[in-house]
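Visitor: Could you walk me through this structure, one question at a time?

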Amino acid sequence: MTMKNKDIYISYWLLLITFFVALMIFVGGLTRLTDSGLSITRWDLISGILPPLSLSDWEKSFSLYKQIPEYKLINLSMTLEQFKTIYWWEYIHRLLGRFVGLFYLIPLSYITFKKVIKKNSLISLYIILILIFVQGFIGWYMVKSGLTERTDVSHYRLSLHLTLAFVIFILLLWNYFKYKNQKTLIRNKKLPSYLLIFFTFCILVQISIGAFVSGLDAGQIYQSWPLMNHGYFPDDSSPKDLFSMKAFDTPSIVQFVHRNVAYFIILLFSFIAIIIFRNKDFIYLRSAVLLVFIFLFLQTLLGILTVLSGAQIIIASMHQIGSIFLITTSLILVFKNSRIN
């Protein structure tokens, strides 16, 4: 097998894993939107692979759910059939996590044993493996926060869980780009890398804040845009609260921050796009910047519609999918610029 063929096969493997991580992010978002995340109250890594197979198994799982505050305080009238619906969302999410872990570990072990690639190149792949395992622990750490006194998971842990998922997604996609395209272009000038990296970082921060919005159900208040009811700042808080310790525990302030980080990202992107289209030296980035523009526009529109609809589940889920496409296109932009010498 030639080195080129090896790189192609590795790139296909990384692309497939990247797709499943994206699918996990999507299903995880729906699990949150349908309030399904606490339906499985135990972390059975091996035995949990199989769902309940009999009526008695379902009743046992339901009885465990009945012991937590979410059921006692919110879902006391829930039937077994309704429980099955939320159970399946969480089960699919966890099953995908197991699949990603195994489908990443087994080929990586083979690549290591057969010495398909150099040791230096393996480091980044093993970092991803470690993060995948850590992500599993953080997922359970998040679920645990809603099993005792709370009726929902901690929005801080939810944000950490989602942010790490996107970090894994970014690292997988970047490695895919590297193995798929190793050509280096010769140009007289390239755009400063820090500018595009900072833009991508801002999107990741916005995704993290979006998890706070979701965790606090902050998208269901102030269903107006561009103002928050009748003012720029939410009327149930004061501007000084923005700099207090309780800022990220206050739904209205979290929604305010999420809106304004979006405005900053749009301004930053406009600045980058103007530089690229005004300078012929950056013509190699124009197609990528147009892709970012399309998905940034769609993501902004979906964000506004999510607010106006009170986080209606279909629109909100589309908004979450949009974040995957936006981070992907921004990474394409960064990668294209990194190929220049």
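Guide: Gladly, and a definition comes first: helices (H or I, at least four residues) and strands (E, at least two) are DSSP runs, numbered from the N terminus. This is a predicted model, in which local features need pLDDT of at least 70 and side-chain atom pairs count only at pLDDT 80 or more, while totals for chains, interfaces and linings use all residues. Residues are numbered from 1 along each chain as its sequence is written, and side-chain values use heavy atoms, with hydrogens and water left out.

Visitor: By what distance along helix α6 are Phe 166 and Phe 169 separated?
Guide: Both residues belong to helix α6 and are three residues apart there. Their separation is therefore about one helical turn.

Visitor: How are the rings of Tyr 156 and Phe 212 arranged?
Guide: Rings of Phe, Tyr and Trp (its six-membered ring) pair if their centres lie within 6.5 Å; planes under 30 degrees apart count as stacked, over 60 as edge-to-face and the rest as tilted. A search of the whole structure gives 29 aromatic pairs. For Tyr 156 and Phe 212 the centres are 5.3 Å apart and the planes stand at 90°, so the arrangement is edge-to-face.

Visitor: How many residues apart in sequence are the parts that this pair ties together?
Guide: Tyr 156 sits in helix α6 (residues 155-180), and Phe 212 in helix α7 (residues 193-215). The pair therefore links parts whose separation in sequence is 56 residues.

Visitor: Is Phe 212 buried or exposed?
Guide: Buried means under 20% relative accessible area, exposed over 50%, and partly exposed in between (1.4 Å probe, protein chains only). Tyr 156, at 40%, counts as partly exposed. Phe 212 has a relative accessible area of 10%, so Phe 212 is buried.

Visitor: Which residue lies over the face of Tyr 141?
Guide: A charge sits over a ring if NZ of Lys or CZ of Arg is within 6 Å of the ring centre and within 35 degrees of the ring normal. Over the face of Tyr 141, at 3.6 Å from the ring centre, lies Arg 157.

Visitor: How do α7 and α10 run relative to each other?
Guide: Axes are lines fitted to C-alpha atoms, for helices over the stretch in contact, and angles run from 0 to 180 degrees between N-to-C directions. Under 35 degrees counts as roughly parallel, over 145 as roughly antiparallel, 65 to 115 as roughly perpendicular and the rest as oblique. The axes of α7 and helix α10 (residues 313-338) come within 9 Å and cross at roughly 165°. That makes the two helices roughly antiparallel.
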